[in-house]
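This report describes selected features of one protein chain. Please examine the sequence and the structure shown below before reading further.

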Amino acid sequence: MMNDEDTVDKRILLERANAEREAIFQRYDRGRKNVDIDSWDDPVFEIYSQADRYGFLHPEKERPDRDDLEMARRKQIEVERTKKWLKMRKNWTSAETKERLQRRVMKGIPDRLRADIWKKFLNIEEAVKDNAGVYDKMLKFARQYSPDIRQIDFDVNRQFRNHINYRERYSVKQQSLFRVLAAYSMYNMEVGYCQGMSTVAGVLLMYFDEEDTFWALNALLSNERYAMHGLYVEGFPKLMRFLQHHDKILTKCMPKVKKHLDKHGVDSVLYSLKWFFVIFIERLVLRVWDIYMLFGERVLTAMAYTILKIHKVKLLRMKDMDQITEFLQTTLYKAFGHDDDTVIKTLQLAMYELKKLNLDKLPPAPVSEGPKFPFGQFIEPTLETKIGHRNEKFTEKETELKETVLYRSESKNDQDEEEEEEDGERENEEDERTERDCDDITEDTISNLHTGVSMSSLRTIQSFTTLDTSTSLATSLNSLVIIDSFDENCDNMIEEITRL
């Protein structure tokens, strides 16, 4: 039982929390009319910066070298490809479209049609029609009850700081991003808000309006093809399944790399957490997202495998944990080392390879990983939640997650060095056979996949902060302009991948 003093204290704290939430909403309501915007929140637009076709700003000195002839060729290719996609969109349900869709998605969706095609993949028009008024209702609930507003506000201001639409504090896009995340925190109350969702929603908002982005985000969390609900819900159960399955793939197909990473204490959680959490936003971005929208979660496991496979030789030459983690977490963001078409083609081959080994899909999700009650069902938060108090003790799921991560780390460091030396020669022979069986693609063979695209196509053009760490968004004009460079040798593989 609370005494009268405790009751008064909690009432005061609740009033303070309500006032803070309302003040944040009012600032987004006013937008650019706020008179007290901090200079750090609203950087000055550099006169020498240039915006690319996607809205990202580049200091003149950091822009990739331009080849006018190559740029003209790329534009012509995209024009021709757009014609094919327009015809396919017009006959979306035809047998011909179904036959060609997978192959053309692998080559990339023309940017001018990306919004329309993503809408079809995610069934957004149907969701908006069937749920008229729901978005506005959730936004009203958020203004009155959401306990996540402070964190959402903080994260909105950290997303895509080099993008012309997100750069200014309380800009139209920042306003939209804030409202989408606030509304969704009430629509899916099991998840509420989790860091990482702001990055995903920020990309969606580059192509959709506010309400469409809300339902696109919901599709990614609720549709079985993606099922990102399990990534963001308390305890991150799907993240644990991704990590376990990633380790299984490495053990089967890249045992040398797996043992090398284990030897130096590099657990997969150290480098792959953000890969899975934000759909490789630091990588090829839209090319990977196109494929993810069509094929779903198995693209994430295959892409993680592809990154390590492409850079296998470099990784095996690294001598300590710091060097490996620096390479995987930072270096690859700045210079991936291979052109985009080569990477996507290698991803395509990896998906085919993993399917042959029955490793393309995660093991079935436990019932506890999915939503426990229908979305949109309002449950008034507890008093402690409204106030913003954190539990003094870890919940059962938080404790389990903590113990799992610690166990994964400690088990890697408890290897018996003497036994490893005795069995080393025999294990190396087995590893060689295993990797040959997996049809290994290394840096020595990647060159056969090159298509003549500039190696600078993965230069960093965007810095952003997410998940409380500073990272870079590695993408470029070349990675977003679609190149018609895939030969037809992989067509059968695509059909095989999609034949479920």
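How much space lies in the second largest pocket? In this predicted model, the second largest pocket holds about 630 Å³ of space.

## The second largest pocket

The lining of this pocket is made up of 31 residues, and the closest to the pocket centre are Asn223, Glu224, Arg225, Ala227 and Glu297. Sorted by class, the lining comprises 13 nonpolar, nine polar and nine charged residues.

Several helices contribute at least two lining residues each: α3 (95-107), α4 (111-122), α10 (210-222), α11 (229-232), α12 (237-253) and α15 (286-295). The pocket lies between domain 1 (21-57 + 124-223) and domain 3 (237-378), because both domains give residues to its lining.

## Glu297, a residue of the pocket lining

Glu297 is among the lining residues closest to the pocket centre. In the chain, Glu297 is located in the loop between α15 and α16 (298-310). Is Glu297 buried or exposed? Its relative accessibility is 18%, so Glu297 counts as buried; the cut-off for a buried residue is under 20%.

Leaving out residues up to four places away in sequence, Glu297 touches Arg225, Tyr226, Ala227, Lys238, Phe242, Tyr292 and Leu362. Two of these partners, Arg225 and Ala227, also belong to the group closest to the centre of the pocket.

## The protein as a whole

The protein has 25 helices and four strands. Of its 500 residues, 52% are buried. Among contacts with a separation of 6 or more, residues 24 or more positions apart account for 80%.

The largest nonpolar core contains 116 residues, and Trp118, Phe121, Leu204, Leu217, Met228 and Tyr232 have the most contacts inside it. Not counting residues up to four places away in sequence, Trp118 touches Ile109, Leu204, Tyr207, Phe208, Leu286, Trp289, Asp290 and Met293. One of these partners, Leu204, is itself among the core residues with the most contacts.

Val128 is situated in helix α5 (residues 124-130). With a relative accessible area of 23%, Val128 is partly exposed. When neighbours within four places in sequence are set aside, Val128 is in contact with Glu211, Asp212 and Trp215. The C-alpha atoms of Val128 and Phe214 are 9.4 Å apart in space, although these residues are 86 residues apart in sequence.

In helix α13 (residues 255-263), the buried residues include Pro255, Val257, Lys258, His260, Leu261 and Asp262. Just after α13 comes Gly265, with a positive phi of about 70 degrees.

Phe327 belongs to helix α18 (residues 321-334). Phe327 counts as buried because its relative accessibility is 7%. Beyond residues up to four places away in sequence, Phe327 touches His311, Lys314, Leu315, Met318 and Leu332.

## Leu357, a loop residue

Where is Leu357 placed? Leu357 occupies the loop between α19 (340-356) and α20 (383-387). Its relative accessibility is 30%, so Leu357 counts as partly exposed. Between Leu357 and Cys253, which are 104 residues apart along the chain, the C-alpha separation is 9.4 Å.

Notes:
Residues are numbered from 1 along each chain as its sequence is written. This is a predicted model: local features need pLDDT of at least 70, side-chain atom pairs count only at pLDDT 80 or more; totals for chains, interfaces and linings use all residues. Side-chain values use heavy atoms; hydrogens and water are left out. On a 1 Å grid over the protein atoms alone, a cavity is a set of points where a 1.4 Å probe fits but cannot get out, and a pocket is an open set with protein on both sides within 12 Å along at least five of seven lines; lining residues have an atom within 4 Å of a point. Grid points are joined across faces, edges and corners, and a volume is the space filled by probe spheres set on the points. Ala, Val, Leu, Ile, Met, Phe, Trp, Tyr, Cys and Pro count as nonpolar, Asp, Glu, Lys and Arg as charged, and the others, Gly among them, as polar. Domain bounds come from an automatic or database domain assignment. Buried means under 20% relative accessible area, exposed over 50%, partly exposed in between (1.4 Å probe, protein chains only). Contact means heavy atoms within 4.5 Å. A nonpolar core is a set of buried Ala, Val, Leu, Ile, Met, Phe, Trp, Tyr and Cys residues joined through side-chain atoms within 4.5 Å.
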